[in-house]
Amino acid sequence: MKKILKSISILLLTLSLVACGTGQNTASADTLYIGIMNTINGFNPVYNTEAAANWVIRMMYPTLLDQPESTVFESNLAESFETTDNKTFTVKLRADAKWSDGTAITADDVAYTLNLAATPDVESSNGTYISTLLGVDASGKLVDGATSIEGVKVVSATELTLTTKAAADPNYIKEMIGFNIFILPKHIVEKLDTKNIGSSTLATAPSVFGGAYKFVKYETGSYVQLEANETYYKGEAKIKNVFVRITDGTGLVTGITSGDLHLLAGGGIGTVTVDDLAALKANDSLTVESSSALSTQLMYINNSVFTSKEIRQAMTYAIDRQKIIDQLLKGEGDKIATMFPQASAYYNKDVAALDYDPAKAKELIAASGFDMSKEITLLVPTGNTIRVASANLIEQDLKAVGFNVKQQTYDFTTMLSYVKKGEFQLALMGLSYNSDPDNTGYFSSDGASNYSKVYDKTVDELWVKGKQTTSKEERLPIYNEIQKIYIEEAYIVGLYSAKQYQIKSKKLTGGITAFWAGSLGKIHEWTLAE
Amino acid sequence: MGKYILKRILIMIPVLLMVSFFSFLIINMAPGDPADLYVSPDMTQAQIELTRQKLGLNQPLLVRYGLWLWNTVQGDLGFSFQSRIPVTQVLPSKISATVQLMLVTLVFSYLIGIPLGVLSAKYKNSWFDNLMTGFNFLGVSIPNFFLGLGLIYIFSLKLKLLPTGGMVTLGPSGGSLGDRINHLILPVIVLSTFYISNMIRYVRSSMIDIFQENYMRTAVAKGLPQRKVLLKHGLRNSLVPIITIISSDIPKLLGGAVVTEQIFNWPGIGQLMMLAINSRDYPMLMAINLLAAVAVLIFNLIADIMYAVVDPRIRY
């Protein structure tokens, strides 16, 4: 028996020695650690449809403009971006801008970037952004026979003009082309096989940059390493190294609590659940703020199944949205009536929403003669825990007024495939938006993502009119009208818009802002205390 | 023996073909179109079609399998749908991360599990044996994620002794041997809890059986020292069932590490697999499947060879 005790004590001793190790490393002040939840889809600035990738690419490439707030645009690569007729935009570039290899950034690079997106056979997510330009079709591709976009003219090394097909709101053009499109180094990209740009070195291991940071390394699914670009025209970034660490929600909480992370990426890509928020707020070393987000959670109704307006209204009346916000979001969310979130400049707070009224719902059901024994399936995607929990409340509410609802949970991709095919009745889904209120792709008859199968001519016309109108004052009533129709017809059920959080270590000066998409404009000025 | 090994290796080829075909079928039959994940909702149909075409999704299933097979035979596993980086470029660092974690875990588990099992059998029904049985119950039944999060809470957040995750500290201060060991400790403890318990149980029962054998009694009667009886006659003979366990443990670690790799943000195959599944990254999934199949087949073969080594009665 003595021997057992002896061997056990040796074992314990070894374990404790190993455990002592070298202790934890503390980060030096020139290295910033950012936590992100979504994995990064590569670094293709021509084709990036995923918010996380887009966010990291923004650190590496210049855009013509910055967008610090939803309706505010500031100069970035472009010193000025002006128009007198809302059709022809004159863009003047900074003369001192250089790529990281020393080559000047010129109007040719800008024109090349736009033309590349328009080239048939080049896979580009910028197509939609440039589709307003003269000489391209609705997908943003060159019209037959053209070799370059008619609406893009280089005037000099630092000046070019952009011409649109029809007059447009300058803010729309500024956001879509000025802010959303990353300018590429022509002298590098033109040497690549642009037909397969997605698998070229530009996308997988880029080497020349014009933004605040340069790409160093990507460990798939694990982290991205960046270093300051010393030639950056706004000035070399004060924080020399950035690591964007990919982890799950729990990893974000443990990381920021332990000090391994300095900043959570925020937006939809690096956020914590409301349950963890209280503990983080109580932590003295962190700053935690929240703000309304440009995103919504919706219950999609398949309008080709539920053709009766009364039934759709009954569903809307039946769901207690305030309860979802109070119980699940602990108040950290806004109630919404349509697809417009409160953070949108076009949100109409005067449109009377169909509020929680189960009695009214029952009345409508009784009047409609709808067969209430019919089983209705509510598709719920996994991933967002609040949304999954909200499905239970929604199911209860709908059952309470007599709907025979059953939940069906899938992973997001599976659910999306059913929703796209129209093989669904009800489905929960979140959307996030540009600042511009145009959402033709999601909510017009021929939009590629018209999941709710709404075919309403009046709404279609309003979307078109909204896109062609050039000032916010004139556009407001148009989008108000759309919101009114959506509430009256109850095409979809707006549920809530969860607040987004800005969570960072107090050591970090800078960090993400309330208008999340524009948070990186001053990343070169961020500093980190020892 | 040589002929036997050759035969076994040749049998692997049709097995792998079948595994690859059926996994290709199943992966592609799963609902969810990968192209949906790589387009944004405001894109037009024409743009979406272009992406499908670039991913090769516009061809019929069998043609795609044929192409995949033809390329795979030539060593080209395709590119990841998600990052468009060649699969063969992503895999090596992931394999090495998982193998590191796996090797340390297995060696650690066996170094602890086997001696404890032997002692448990020798002092059957003593307080020590009861203690071990209790530990086994706990070790086999405690979920990895619970143990993992518990350890992170205690050692990383409260005591601030160990990192919360990752393989090394990212940045200039990381990468030293001590740093690597620090990052290994928690995941290894979590993974090995199960394997140690498992090993103790098997070694214990196998040894108890062996103690009944006549040759053990003979060895004791001959007056051999107790240690020699236990290790040379006892343990060696109990190794046959244990080799079976070990050879099935190794491929299982690839799977068992999924949860642990997620919790500790370990950049290995398990994490990559979860990522690939969620993003319908077919080429990546196929490569991981193939890798797992090869690992199972090879370790089965090794186990069969080892049987012959430890037990001279087994001949091929």
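**A guided reading**

Guide: Let us start with Tyr4(B), which is found in helix α1 (residues 2-29) of chain B; helices here are DSSP runs of H or I with at least four residues, strands are runs of E with at least two, and both are numbered from the N terminus. This is a predicted model, in which local features need pLDDT of at least 70 and side-chain atom pairs count only at pLDDT 80 or more, while totals for chains, interfaces and linings use all residues. Residues are numbered from 1 along each chain as its sequence is written, and chains are lettered from A and ligands numbered from 1 in the order in which they are written.

Visitor: Is Tyr4(B) buried, exposed or partly exposed?

Guide: A residue is buried if 20 or more other C-beta atoms, placed from the backbone, lie within 10 Å of its own, exposed if 12 or fewer do, and partly exposed in between. Tyr4(B) has 14 other C-beta atoms within 10 Å, and is therefore partly exposed. Tyr4(B) and Ile305(B) are 301 residues apart in sequence, yet 9.5 Å apart in space from C-alpha to C-alpha.

Visitor: Turning to chain A, how many helices and strands are there?

Guide: Chain A has 17 helices and 21 strands. The radius of gyration, taken over C-alpha atoms, can be set against the globule rule, 2.2 Å times the number of residues to the power 0.38. For chain A the radius is 26 Å, close to the 24 Å that the rule gives for 530 residues, so the chain is as compact as a globular protein of that length. Along the principal axes, the C-alpha atoms of chain A fill a box of roughly 90 × 70 × 40 Å, and 50% of the 530 residues of chain A count as buried.

Visitor: In what order do the 6 strands of the open sheet in chain A lie?

Guide: Two strands pair if DSSP finds at least two bridges between them. In this open sheet of chain A the order is β14-β18-β13-β17-β15-β16, with mixed pairing; β14 (333-335) and β16 (404-410) of chain A are the edge strands, each pairing on one side only. Within it, β15 (residues 375-381) and β17 (residues 426-432) of chain A pair in the parallel sense over 2 bridges, and Leu378(A) stands opposite Leu426(A) in β17(A).

Visitor: Which strands of chain A does helix α14 lie across?

Guide: Contact means that the C-beta atoms of two residues, placed from the backbone, lie within 7 Å, and angles run from 0 to 180 degrees between the N-to-C directions of axes, which are lines fitted to C-alpha atoms, for helices over the stretch in contact. Helix α14 (residues 412-421) of chain A lies across β13 (295-301), β15, β16 and β17 of chain A, running at about 135° to β15(A).

Visitor: How many residues of each chain take part in the contact between chain A and chain B?

Guide: The contact takes 56 residues from chain A and 59 residues from chain B. Among the elements of chain A that each supply at least two residues to the side touching chain B are α1 (2-20), β10 (241-246), α8 (249-258) and α14.
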